[in-house]
Amino acid sequence: MTNRYYSGARSDHFDGALFFNPDSDKLPGGFRDLYRWMRGEKRAAWPKTWPSPFPQAKPETRVDGDALRITMIGHASILIQTAGLNLLTDPVFAKRVSPFSFMGPTRVNEPGIRFEDLPPIDAVLLSHNHYDHLDIAAIKQLVDIHDPLIITPLGNDHVIHAKVAKARVKTGDWLDSVPLRNGVTIHFEPAHHWSARWTRDRRMALWAAFVIETPGSEIYFAGDTGFHNGSNFRATAERHPILRFALLPIGAYEPRWFMEGHHQNPAEAVEAFKILQAPLAGGYHWGTFQLTNEAVDAPANDLATALQTAGIEAERFQALRPGQVWDVP
């Protein structure tokens, strides 16, 4: 097979043609598994609209020094403001996350920040190319208005440049680093997932988590990931033992036979939180687009149960809602 997105040397997660998760037999399901899921599994009914209890935020232009402000936009789109920089993760402002304009998961709440209210965006951290994480229309708008540096794993530059030729893109492999200004460095960390924009480009581009290193602290963004016995979290904890804050996905996890290899559930997210030893965490990847079977509020409820079982105070790991602003101590 020819990889039209990336060519490079073999590694422990690239076989010369496709990327893969080391020490794992969890590959994305084929048509038979998809048919079994769609026809044989009952999906919870989501409301057509599920507004956030928080109003849409209007961020300050900059947050300087050691201050850290997290503003939830929705799903995996989060504004991180610290050290005088504005960083945006997996920006999606579309009403639908799908290759089709007429079908696919539809947004049930408005973005927690209106696009026109974004502060100047210095960098975009793009974890992978699934439609619920890579919104090409949003990338084009960001490039036209803000001209951010887009930091993304290997191969995703091809996807972006095919539609947004003038985008400034810096790619990296797991454990690579990209320096920004003000003493901030972005580190690529491993994640347990996959990639695709269509049926014939599966795993042609890499996926990743990120650590944002600033002069005062380090912030972890997991991207999209399965738990995979916690191995990637343990590896990151060894490299970055003093995290100030962790952003962890908690949604799109049912049914487990189909989703376990790709999306961790809230109980696993709590285990990841314990492994990383961050004092605080925010949960995302839930409550905006129905991707899987669980109810719209199940991730938050399951997270509360998992925290209680683990003896962890609920305020330490919050399920973030659009528009929620968290000034992290």
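I began with Asp173 and found its place in the loop between β6 (168–172) and β7 (177–179). I note here that the model is predicted.

I then looked up what surrounds Asp173. Its side chain makes a polar contact of 2.6 Å with the side chain of His13. Leaving out residues up to four places away in sequence, I listed His13, Leu154, Phe188 and Leu206 as the residues that Asp173 touches.

I moved on to strand β11, residues 245–249. How many of its residues are buried? I counted five of the five, so the strand is largely enclosed by the rest of the structure. I checked the two faces of β11 separately. Phe245, Leu247 and Pro249 lie on one side, Ala246 and Leu248 on the other, and all are buried.

Which strands pair with β11? I found strand β10 (residues 218–221), which runs parallel to β11 and is joined to it by three bridges. One partner I looked up was that of Tyr220, which is Ala246 in β11. Strand β12 (residues 281–284) also pairs with β11 in the parallel sense, over four bridges. There I traced Pro249 to its bridge partner in β12, Tyr284.

Last, I followed the chain through helix α4 (residues 231–239). With β10 and β11, this helix makes a right-handed β-α-β unit.

How values were computed
Residues numbered from 1 in each chain as written. Predicted model: local features only at pLDDT ≥ 70, side-chain atom pairs only at ≥ 80, totals over all residues. Heavy atoms only, no water. Buried < 20%, exposed > 50% of the residue type's maximum accessible area, 1.4 Å probe, protein only. Pairing = 2+ DSSP bridges. Right-handed = clockwise from strand over helix to strand, strands pointing away. Polar contact = N/O pair within 3.5 Å; in protein donor to acceptor, adjacent residues only side chain to side chain. Contact = heavy atoms within 4.5 Å.
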